[in-house]
Amino acid sequence: MSNSERPNQLLRNLNAKVASIPMILTALVVFVGGTAWTVLYSFTNSKLLPRLNFVGLDQYYRLWATPRWLVSIENLLIYGVISLLFSLVIGFILAALLDQKIRFEDTFRTIFLYPFALSFIVTGLVWQWLLNPDFGIQRVVRDLGWTSFSFDPLYNSSIVIYGISIAALWQGTGLIMCLMLAGLRGIDEDIWKAARVDGIPMWKTYLFIIIPMMRPVFITTLVIIAAGIVKVYDLVVAQTSGGPGIASEVPAKYVYDYMFFAQNLGQGFAASTMMLLSVVIVIVPWAYLEFGGKKHG
Amino acid sequence: MRYKFLTAAFAATAALNFAGPAAATDLEVTHWWTSGGEAAAVAELAKAFDATGNHWVDGAIAGSGGTARPIMISRITGGDPMGATQFNHGRQAEELVQAGLMRDLTDLATKEKWTEIVRPKSLLDSCTIGGKIYCVPVNIHSWQWLWLSNEAFQKAGVPMPKDWNEFVSAAPALEKAGIIPLAVGGQPWQASGAFDVLLAAVGGTDAFLKVYRDKDAKFAGGPEIAKVFKAADDARKMAKNTNVQDWNQATNLVITGKAGGQIMGDWAQGEFQVAGKTAGKDYTCLPGLGLNEVIATGGDAFYFPLLKDAGKAKAQEVLAETLLDPKTQVAFNLKKGSLPVRGDVDLNTANDCMKKGLAILAKGAVIPWTDQLLSQDSQKQKEDLFSEFFAKPDMTLEEAQKRFADIIASAD
């Protein structure tokens, strides 16, 4: 590239560049600006209204000394591992089963995807009833004769987060299945034929040939699931409101509660900054590895 | 409730669209009174205000105060204020007032002689910030009540308890009869409120004030408060089988005799009334848990955001006057189950429990409530602690008390 061409480079596609100015401004002001503002005010003692009265790291010391925040973090980790693992595994297995050229594939696909059409609030309410010991599954099984049967995850502090995960999996797995199915359909038919000629068993073909080929699909899926995990809020509110006690609290709910119920913006901002930090720690190295090389390619 | 909210939203839009040169001024009033008894009570306020030639636009927000307050506050701070809004008087709106977003009512108060009418005086003090009056108290709600189901105790074959201690010793008999001794719903404020009631009843008025008003953390960690935690432990054991969330569902357990009792504010009375129950026959109430007969003067008040529109500002004044009108006070409070804020009104039709409350009020056995003494931040921390305490049977009393003392130490 010679020096004389440089001004041209800037002016190339000028219309498109002008047209994208509003979006660039929105991104800078709303996203970057809002983030910077939040981080700045997390170092203040703002209560109901934002005030620039700096108190250093006080909000963060308080945050990490609060049992409820620690419970929230622990819950997020458990919930995250469960949703990541199970929605990928179950979603993939369902997709692989649907991919066997079965009859009524459309019907099954619709059934599995249907829960995704419901919001987390509706999902949460439905599962709140299903898991209620007096009305739901426990009652039905007891009425069938197993009177000592006990299944009340939402009312047991030590397993409540698993009860929430069940509802999340029920809602989200269908989407993962569809993504996986699309990935499977993208695999060339000839690869299957070649594997069959070589006498490779089907499970081995999936594990060592198909899955590595589906890497881009898996990465997209991973991002979608991970984003869903960090922001989980409505499902918990609808199912348990964080209860029993504080056993099913999650970080997003802590942020909301302290910003608005407790009228303590500083504390809420500190918590949301910690959430941002954890996302950044996970995303940045990964994004660097994934996209960093492409600039030169 | 949802339907009501929709109609309110519709009404609000309609009002915006067709606001022509009408004589009546529309004033939107937001509140969180949506349960059966509460809705009936707020309808009385609307009726009284409409009778003045203005129009009450109902802005009910379903959920509880915890859900509604953030919505109200963000509307006021966001530049879309309503005509008037409910808050619990005390410190909930403190910062809004300091930011100059609320209307100063001092002139109107002087003209109408509120200082002479409103009783007890502490109510108006809670509305006063920097010597100016910013809200109109409409009722007195006290938390200090134990509601007992007569049916449950008959079924268990034990006599009606006269105080908290007898209630605790009756608990095993209730449990044997398949009755939950104490109903405590899962909402965090219920556990926290129940503890505060125990603190005032078991610990006494002085202990209550020392902890919440003087914020004496050493005292809060001391042996006297340990007794209160012992009582809270009893309550926790008695409540362990309550599988409901909302307070009115918990009250419903008492109404239907599935639970022996509930520690809840006098707003629970509205639910008993809607269910057609009679005080003394179907249910019994023990103010101050029968141990320390005091009433906390918490309650609801209306705040008026500063508006530019002169017509609406005038309507705000009319509404403020209407709220304190003796007739409105009686009609509203009878339906709501709360006590009126003026002593000169006739409450012959009040039921047994309300009369007990009025008698205590007349004696002057009143204490300020936590809404008036603590910031929302400290309140929330307290809620987190006690909802965890009530849900976690293996949390030790020592640990809970230590954390309680820490909250008091950092309280503002």
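**Exercise 1. Work out the handedness of the crossing of α7(A) and α9(A).**

Step 1. Find the helices in this predicted model: α7 covers residues 120–130 of chain A and α9 covers residues 160–185 of chain A. Helices are DSSP runs of H or I with at least four residues, numbered from the N terminus.

Step 2. Compare the axes, which are lines fitted to C-alpha atoms over the stretch in contact, with angles from 0 to 180 degrees between N-to-C directions. They come within 10 Å and cross at roughly 130°. That makes α7(A) oblique to α9(A), since angles under 35 degrees count as roughly parallel, over 145 as roughly antiparallel, 65 to 115 as roughly perpendicular and the rest as oblique.

Step 3. The crossing is right-handed; in that case the near helix is turned clockwise from the far one, whereas a left-handed one is turned anticlockwise by less than a right angle.

Step 4. On α7(A), the contact uses A:F120, A:T123, A:G124 and A:W127; on α9(A), it uses A:I166, A:A167 and A:Q171. Contact requires C-beta atoms, placed from the backbone, within 7 Å.

A note for your bookkeeping: residues are numbered from 1 along each chain as its sequence is written, and chains are lettered from A and ligands numbered from 1 in the order in which they are written. Because the model is predicted, local features need pLDDT of at least 70 and side-chain atom pairs count only at pLDDT 80 or more, while totals for chains, interfaces and linings use all residues.

**Exercise 2. Decide whether B:L339 is buried or exposed.**

Step 1. Locate B:L339 in the loop between α17 (326–336) and α18 (352–363) of chain B.

Step 2. B:L339 has 25 C-beta neighbours inside 10 Å, so it counts as buried. The cut-offs are 20 or more other C-beta atoms within 10 Å for buried, 12 or fewer for exposed, and partly exposed in between.

Step 3. Look at its partners beyond four places in sequence: among them are B:N139, B:I140, B:M354 and B:L358. B:V138, 201 residues away in sequence, has its C-alpha 9.0 Å from that of B:L339.

**Exercise 3. Find which element gives the most to the side of chain B that touches chain A.**

Step 1. Begin with the totals: 19 residues of chain B are in contact with 21 residues of chain A.

Step 2. α3 (65–77) and α20 (376–391) of chain B are the elements that give two or more residues to this side.

Step 3. α20(B) gives the most, with 8 residues.

Note on methods. Two residues are in contact if their C-beta atoms, placed from the backbone, lie within 7 Å.
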